Amino acid sequence: MSKRAWRYVFFSLAILIGFAAGLGYGWLINPIRIGGFASPDNGTSLDALPIDYRTDFVLMIAELYQAEGDLPLALERLDLLGKQPLTTMTEAITYADSLNYADVDLQLMRNLAFVVQQFIDNTD
Amino acid sequence: MLDNTQEIKITPTQPDDRVKIPAPGPKRSPWYLLTGLVLGIILGLLYAWLINPVVYERSTPAALDATGKDLYRGIIAQVYAATGNLERASLRLRELGDEDSARVLGAQAQRLLAEGHVTEARALAMLAAALQDPQIPPDTIEPPTLLQPTPTEAPPSIPTHTLPVPTSPP
């Protein structure tokens with residue numbers, strides 16, 4: 001093989017080694033938070049929680065709304081989950097329904113969803 | 001002596017048999033290897049961060065950052081204060097993975113009280129108290145009071161010898 005060909009081989013090897021190092025850093029040492037997920041070492045935020053915990057969080061917000069009747073506060077709490085409040089509510093109710101949550105809990109979430117829907121309709 | 005003399009024939013070497021010495025030219029440095037390495041690292045990071053990032057499917061409340069845990073704990077406590085359902089509150093708190101939930105709740109109550117969030121602090125203190133003694137009805141729990149640092153007795157003044165200040169120049 002000519003000297004020029006060897007240079008291409010070494011250049012390709014260097015790229016491969018660099019690529020592996022980049023992957024190692026990007027996946028293991030310092031994984032970046034994309035799509036709402038992050039390394040547990042760095043700590044996640046509430047919007048990174050999976051759907052089961054999100055649903056329970058929504059249920060807690062609905063329980064609090066039932067007790068306080070404070071819609072702006074409920075919306076503020078729903079905002080913590082990162083998505084549009086109505087989207088968050090819909091996802092949670094769908095998930096809770098699929099897992100056969102207690103009727104009382106489902107009703108609480110539906111009540112809040114209804115009020116949120118009304119609020120959004122009035123705002124638009 | 002002369003009889004032992006041997007004739008040595010030296011044949012001139014052919015031009016092709018000579019050792020070839022490369023002609024001096026521009027020497028290639030290994031910088032291209034470093035360039036390849038840097039290029040690879042950039043490509044690797046782009047792939048790992050943008051194209052195919054790590055996704056942790058099972059993030060739990062225990063993996064939340066400090067702010068997230070405080071928020072989660074605060075909501076649990078307020079729900080407990082509103083519903084009085086200690087069993088559900090305990091189950092939710094367990095997901096946070098605190099070693100001593102009552103102590104953590106108490107500490108958070110103190111912090112919030114110092115910041116002026118009385119309602120949430122009260123809810124946290126109620127839950128902390130209920131965890132320590134589940135027989136206590138929630139309504140009978142006293143609202144928390146801000147812990148004040150205990151005043152320490154001032155050390156007695158120690159008389160020191162000082163030189164007399166001259167009132168007039170010598």
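This is a predicted model: local features need pLDDT of at least 70, side-chain atom pairs count only at pLDDT 80 or more; totals for chains, interfaces and linings use all residues.
Putting the two chains together buries about 3,800 Å², with 41 residues of chain B in contact with 42 residues of chain A.

**Contact surface**
- Carbon and sulfur atoms give 69% of the area buried between chain B and chain A.
- Interface size is often quoted this way, as the accessible area lost when the parts come together.

**Salt bridges and polar contacts**
- The rule picks up four salt bridges across the interface of chain B and chain A.
- One of them pairs D105(A) with R88(B), and their closest N and O atoms are 2.6 Å apart.

**What chain B brings**
- Three elements of chain B give two or more residues to the side touching chain A: helix 1 (31-51), helix 2 (66-83) and helix 3 (86-96).
- Helix 1 of chain B supplies the largest share of that side, at 15 residues.
- Sorted by type, the residues on the side of chain B that touches chain A come out as 24 nonpolar, ten polar and seven charged.

**Rings**
- Over all chains, the count is five aromatic pairs.
- F19(A), W27(A) and Y47(B) are linked into a cluster by ring pairs.
- R7(A) puts its charged end over the ring of Y32(B), 4.3 Å from the ring centre.

How values were computed. Residues are numbered from 1 along each chain as its sequence is written. Chains are lettered from A and ligands numbered from 1 in the order in which they are written. Side-chain values use heavy atoms; hydrogens and water are left out. Contact means heavy atoms within 4.5 Å. Buried area is the accessible area (1.4 Å probe) that two parts lose on being put together, summed over both. A salt bridge is a side-chain nitrogen of Lys or Arg within 4 Å of a carboxyl oxygen of Asp or Glu. Helices (H or I, at least four residues) and strands (E, at least two) are DSSP runs, numbered from the N terminus. Ala, Val, Leu, Ile, Met, Phe, Trp, Tyr, Cys and Pro count as nonpolar, Asp, Glu, Lys and Arg as charged, and the others, Gly among them, as polar. Rings of Phe, Tyr and Trp (its six-membered ring) pair if their centres lie within 6.5 Å; planes under 30 degrees apart count as stacked, over 60 as edge-to-face and the rest as tilted. A charge sits over a ring if NZ of Lys or CZ of Arg is within 6 Å of the ring centre and within 35 degrees of the ring normal.
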